[in-house]
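Welcome to the tour! Keep your viewer open and your selection tool ready, and we will go from stop to stop.

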Amino acid sequence: YGFQPLTEMAKDNEVPGSKIIAAINGDFFNATTGEPTGVYYLNGKGLKTTIPTAGGTFFSIYEDKSMVIGGKDAAGLLRPVDYTKIKYAVGGRQWLVDKGVKVNNTDVTIDARTAIGFTSDKVVYSVVVDGGRIDYSNGMSLANLSEVMASFGVADAINLDGGISSSAVVRDGANAKWNLLNRPTAAKGRSVANGLGFVLKD
């Protein structure tokens, strides 16, 4: 485990035949060791396979490119996931939308946020909200974030690491360079434990 700025992480994880065109930060993590809090799969290998007992979720992509969110849903029921098919997975926390229904999150704390979700026809939506900067953006509550994700018509969506970790990067045209898209409290973006990349196949 370790830490890396999201811009460098995107660059280092490109493979021949594909381009990472954007990326967002992923799971919560231990600020000393860099160990992700939740489930973490990379290239089919489970680097961490335990789900935190307190509200742990995860966003995963199977080998066939289908997507599934795991962990206990809003009703407390464990979502069925075939762990043998997972190629990539990143841990998260609270459900924002569960089976098309906006989740009633009572946490009204205002902060920077990152979320990921997808529709029933597999269109992915990610949101990064700046926060902690009174001159620009205070942030958003989980209740607000649920409303935003529900407005996209997603079937499922979860909250990822937020606060100082919330960041989004985009590729600079054809160059192998990624620029920070948002304005995190750390001017150049925090070094994080993992993230999610959006890949364009050549």
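Start by selecting Asp 73, in the loop between β6 (67-71) and β7 (86-92); strands here are DSSP runs of E with at least two residues, and helices are runs of H or I with at least four, numbered from the N terminus. This is a predicted model, where local features need pLDDT of at least 70, side-chain atom pairs count only at pLDDT 80 or more, and totals for chains, interfaces and linings use all residues. Residues are numbered from 1 along each chain as its sequence is written, and side-chain values use heavy atoms, with hydrogens and water left out.

Is Asp 73 buried or exposed? Asp 73 is buried, at 9% relative accessible area (buried is under 20%, exposed over 50%, partly exposed in between, with a 1.4 Å probe and protein chains only). Now show its neighbours: leaving out residues up to four places away in sequence, Asp 73 touches Arg 79, Trp 95, Asp 98 and Lys 99 (contact means heavy atoms within 4.5 Å). With the side chain of Lys 99, the Asp 73 side chain makes a polar contact of 3.2 Å (N or O atoms within 3.5 Å, one able to donate a hydrogen and the other to accept it; residues adjacent in sequence count only if both atoms are side-chain atoms).

Next, select helix α2 (residues 142-151), where Leu 142, Leu 145, Ser 146 and Met 149 are buried. Look down the axis of α2: the buried residues fall within an arc of 105°, so they line one face of the helix (the arc uses directions from the helix axis to the C-beta atoms). Among the elements covering them are β8 (95-98) and β12 (156-159). Finish at Gly 153, which follows α2 and has a positive phi, near 80°.
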